[in-house]
Amino acid sequence: MLTLYRRIKSKLRVSFYHLFPKYITIGKKAYFEDEVYLDIRLKGKIIIGDYVVLDKGVTLLPSYGHIEIGSNTKISPETIIQGPGKGVIIGKNALIAGHCLFISANHNFDRTDIPITEQKENSKGILIEDDVWIGAGCRILDGVTIGQGSVIGAGSVVNHSIPPYSIAVGVPAKVIKSRK
């Protein structure tokens with residue numbers, strides 16, 4: 001159970017973010033642990049649903065894109081979600097374990113006459129559907145949809161879409177079993 005002090009600190013942090021309604025929307029009873037970082041310097045949009053828990057060190061970086069987190073979702077410590085371009089959408093009732101990384105864009109590198117840093121990015125976005133569990137240390141890359149009810153094993157790199165109710169593991173992640 002949370003101490004009164006920690007509850008007050010969380011409410012103060014949530015109240016502070018309400019000063020930026022154009023860029024940040026936070027649902028009721030959302031809870032932020034210490035050192036949660038919502039970066040809106042590059043005018044991205046962050047939408048956090050009701051009863052969402054963001055654990056210690058979670059970082060949300062929309063960078064001209066958007067990040068949307070559905071109700072009753074828990075994101076564990078030190079997870080980073082980067083949502084440039086088409087952004088990242090995480091459905092309801094999702095569990096995201098610690099040290100995960102979501103990146104919703106890629107650098108173009110087709111041309112060799114100019115540095116990669118000067119080439120444009122492309123983005124398809126990331127969609128995590130409802131009731132998904134993503135294990136510790138996973139990497140979720142641009143263009144991926146993880147279907148409803150799926151489980152992604154710890155340490156997996158997901159570089160292609162996963163069907164609903166699948167269990168996927170590995171580098172790159174492969175479906176090993178269906179939950180139905």
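Is glycine 143 buried, exposed or partly exposed? Glycine 143 is partly exposed, because its relative accessible area is 31%, where buried means under 20% relative accessible area, exposed means over 50% and partly exposed lies in between (1.4 Å probe, protein chains only).

## Basis of the model

This is a predicted model, in which local features need pLDDT of at least 70 and side-chain atom pairs count only at pLDDT 80 or more, while totals for chains, interfaces and linings use all residues. Residues are numbered from 1 along each chain as its sequence is written, and side-chain values use heavy atoms, with hydrogens and water left out.

## Overall composition

The protein has 1 helix and 22 strands; helices (H or I, at least four residues) and strands (E, at least two) are DSSP runs, numbered from the N terminus. Of the 180 residues in the protein, 43% are buried. The accessible surface comes to about 9800 Å², and carbon and sulfur atoms contribute 58% of this surface; such areas are computed by the Shrake-Rupley method with a 1.4 Å probe, and for residues only the protein chains shown count as cover.

Among the contacts in the protein with a separation of 6 or more, 15% join residues 24 or more positions apart. Contact here means heavy atoms within 4.5 Å.

An open sheet of 8 strands runs in the order S2-S5-S8-S11-S16-S19-S21-S22, and its pairing is mixed. Two strands pair if DSSP finds at least two bridges between them. Strand S2 (31-32) and strand S22 (174-178) are the edge strands of this sheet, each pairing on one side only. Within the sheet, strand S8 (residues 74-75) and strand S11 (residues 95-96) are joined in the parallel sense over 2 bridges. Lysine 74 has leucine 95 in S11 as its bridge partner.

A further open sheet consists of 6 strands in the order S1-S4-S7-S10-S15-S18, with parallel pairing. Strand S1 (24-26) and S18 stand at its edges with a single partner strand each, so one side of each has no neighbour in the sheet. S1 pairs with strand S4 (residues 45-48) in the parallel sense over 3 bridges. Threonine 25 has isoleucine 47 in S4 as its bridge partner.

## The nonpolar core

The largest nonpolar core has 36 residues. Such a core is a set of buried Ala, Val, Leu, Ile, Met, Phe, Trp, Tyr and Cys residues joined through side-chain atoms within 4.5 Å. The residues with the most contacts inside it are Ile48, Leu54, Leu60, Phe102, Ile134, Ile140 and Ile146. S1, S4, strand S7 (66-69), strand S10 (88-90) and S15 each give two or more residues to this core. In soluble globular proteins, nonpolar side chains tend to be buried together.

Leucine 54 touches Tyr31, Phe32, Glu33, Val36, Leu38, Ile48, Leu60, Ile69 and Ile75, when residues up to four places away in sequence are not counted. Threonine 59 is located in strand S6 (residues 59-61). Threonine 59 counts as buried because its relative accessibility is 15%. Beyond its neighbours within four places in sequence, threonine 59 is in contact with Tyr37, Thr79, Ile80 and Ile81.

## Loop residues

Glycine 143 lies in the loop between strand S17 (139-140) and strand S18 (145-146). Leaving aside neighbours within four places in sequence, its contacts are Lys124, Gly125, Ile126 and Ser161. The C-alpha atoms of glycine 143 and serine 123 are 7.3 Å apart, although 20 residues separate them along the chain.

Glutamate 35, in the loop between S2 and strand S3 (37-38), has phi near 60°, a positive value in a residue other than glycine. Glutamate 35 counts as exposed because its relative accessibility is 56%. Aspartate 131, in the loop between strand S15 (126-128) and strand S16 (133-134), likewise has phi near 60°. Aspartate 131 is partly exposed, with a relative accessible area of 39%.

A cis peptide bond joins valine 171 and proline 172, with omega about -5°. Proline 172 is placed in the loop between strand S21 (166-169) and S22.

The charged end of lysine 180 sits over the ring of tyrosine 165, 4.4 Å from its centre; the criterion is NZ of Lys or CZ of Arg within 6 Å of the ring centre and within 35 degrees of the ring normal.
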